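User: Here's a model I'd like to talk through. Could you take a few questions on it?

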Amino acid sequence: MSINIDQIRSLFPVLHQEVHGKPLIYFDNAATTQKPTSVIEALAKYYEHDNSNIHRGAHTLADRATRYFEKSREAVKDFIRAKEEAEIIFTKGTTDGINLVAATFGRKFINKGDEILISTMEHHSNIVPWQMLCEEKEAVLKVIPITDEGEIIWEAFLNLLSEKTKLVSIVHASNALGTINPVKDIIAKAHEVGAKVLVDAAQSTSHLEIDVQDLDCDFLVFSAHKLYGPTGLGVLYGKREILEAMPPYQGGGEMIKEVSFAKTTFNEIPFKFEAGTPNIGDVIAFKKSLDFINELGKKRIKAHEDELLAYATSGLNEIKGFVPVGTAKEKVSVISFNINGMHPFDVGMMLDAKGIAVRTGHHCTQPLMQRFGIEGTVRASFAVYNNKSEIDQLVESVARIAKIKNK
Amino acid sequence: MSSIVDIQNEIISEFSILGDDKESTIFYIMELGGQLPEYPESEKTDENIIKGCQSKVWLTARENGDKIEFLADSNTDITKGLISLLIRVLSGRSPEEILNADLFFIDKIGMGNIIGSQRSNGLASMIKQMKLYALAFQTKQNA
């Protein structure tokens, strides 16, 4: 059954507005998605009815808030098919999750001379924490090269893997190119040499089915706000035995079992990694965004987005001066491009003048831009609420802009 | 030569013709950028890059008698257009005029809405750099 886009659009109040006198066309979904009314209302309801601190209170509100909070954890567990709730840690977002792993797993298990493997298409948040760790531990960061199409060079990856590799940290879907990486195969190969694998799923969770048990990844991180959920919230999944072996991260609040001035004992997972009062309202509201996705089904969402991607790609490819960046065979609904002779910022501003919101710049992937020898790109990224008529307007606007320099 | 105030009023009236249409305004700004005199490649050094701009902006100043002339370039057409407006108002002026200039046209043409907050910061950096040049020349002239 196909998706009724008009009905879906009616669930997103933000879409129904004008920008510079034109109806808003929101194509910056890889940066953040818009939120359905159910998420917004759940957030308001929490503050109106249930606001309370969780896990410790002896009163009704605290009990209610705790139950809803833990319901969300259960929903996340089901969403990525983890074995148990204890493997789900709420973080501030993808970046926070990666930093947590670098600071705890990294501190304990990465030693001098060990190697960490990432790819050329990583976001800065999957580069910098490892650089910092490598500097501290005198470990070595190695980078898997990519093809001109924006795909990992498999042989190069195999050559880089060795007994020294302790961790492979790899993006599932590239935010700048859209490329979907063969993470299941990467994980299997990495495990053969005894390395652990972290999957940065920030750009894939809203488009692709995620099954952490099937993938067999050791860690997986993502953000709620790219999943039609609240900002400032994310998830770190980790296998129980690894999370248990990792030292705690931040000290205080929920993460302790008992504190005396002589000695502190730490709580069980996941609480060991959730120090302080968490982002309770947003965690509770997040469940509504997962419900929204589950009701539609990832398969139907992906089918619709694939259709939009193919439609936009074929329309844009007709334009003289249009230069796509990233043409991998397997992509999420991201089109990154440049127009000959024009700076991406200028293109972005001209599209904004038509009410079309896109991202421009290096997308926090500067090494990737260097690989392609460009300063940045214009990026249009589609979500389930986008439709073909919006893409027609994008194509028409890009064609008009390209004409300035490509007559 | 018209005064700094007169030129700003000219710019305000040119932009008022464009009305609220953002696209026409941007096209106009880009056109203005195309009219900037060529910037010498040899001056495209890191030293001459203005900090605080998202896009690359090069700016240099030279003395012409007791006046200061500015030369600038950018790798984006819109930013070039913005610089061309600043140059139109501030180039060929004395250091005192530049230092005392109240650039009211920026608010009056609704520049913040046209270019957004990040570019507004870049524009502020350009103005600051132009005023710093004026201060340096003034100090030199008074020495």
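User: Where is A:N267 found, and is A:N267 buried or exposed?

Analyst: Quick caveat: this is a predicted model, where local features need pLDDT of at least 70, side-chain atom pairs count only at pLDDT 80 or more, and totals for chains, interfaces and linings use all residues. Residues are numbered from 1 along each chain as its sequence is written, and side-chain values use heavy atoms, leaving out hydrogens and water. A:N267 sits in the loop between β12 (264-266) and α10 (280-296) of chain A; helices (H or I, at least four residues) and strands (E, at least two) are DSSP runs, numbered from the N terminus. Buried means under 20% relative accessible area, exposed over 50%, partly exposed in between (1.4 Å probe, protein chains only), so with 17% A:N267 is buried.

User: Which residues of α5(A) are on the face turned away from its buried side?

Analyst: The buried residues of α5 (128-137) in chain A are A:P129, A:W130, A:L133, A:C134 and A:K137. They cover an arc of only 130° around the axis (taken from the directions from the helix axis to the C-beta atoms), which puts them on the same side of α5(A). The face turned away carries the exposed A:M132, A:E135 and A:E136.

User: Which strands stand at the edges of the open sheet in chain A?

Analyst: Four strands line up as β13-β14-β17-β16 in chain A, with antiparallel pairing; two strands pair if DSSP finds at least two bridges between them. Two of them have a single partner strand each, so one side of each lacks a neighbour in the sheet: β13 (322-324) and β16 (359-361) of chain A.

Key
Chains are lettered from A and ligands numbered from 1 in the order in which they are written.
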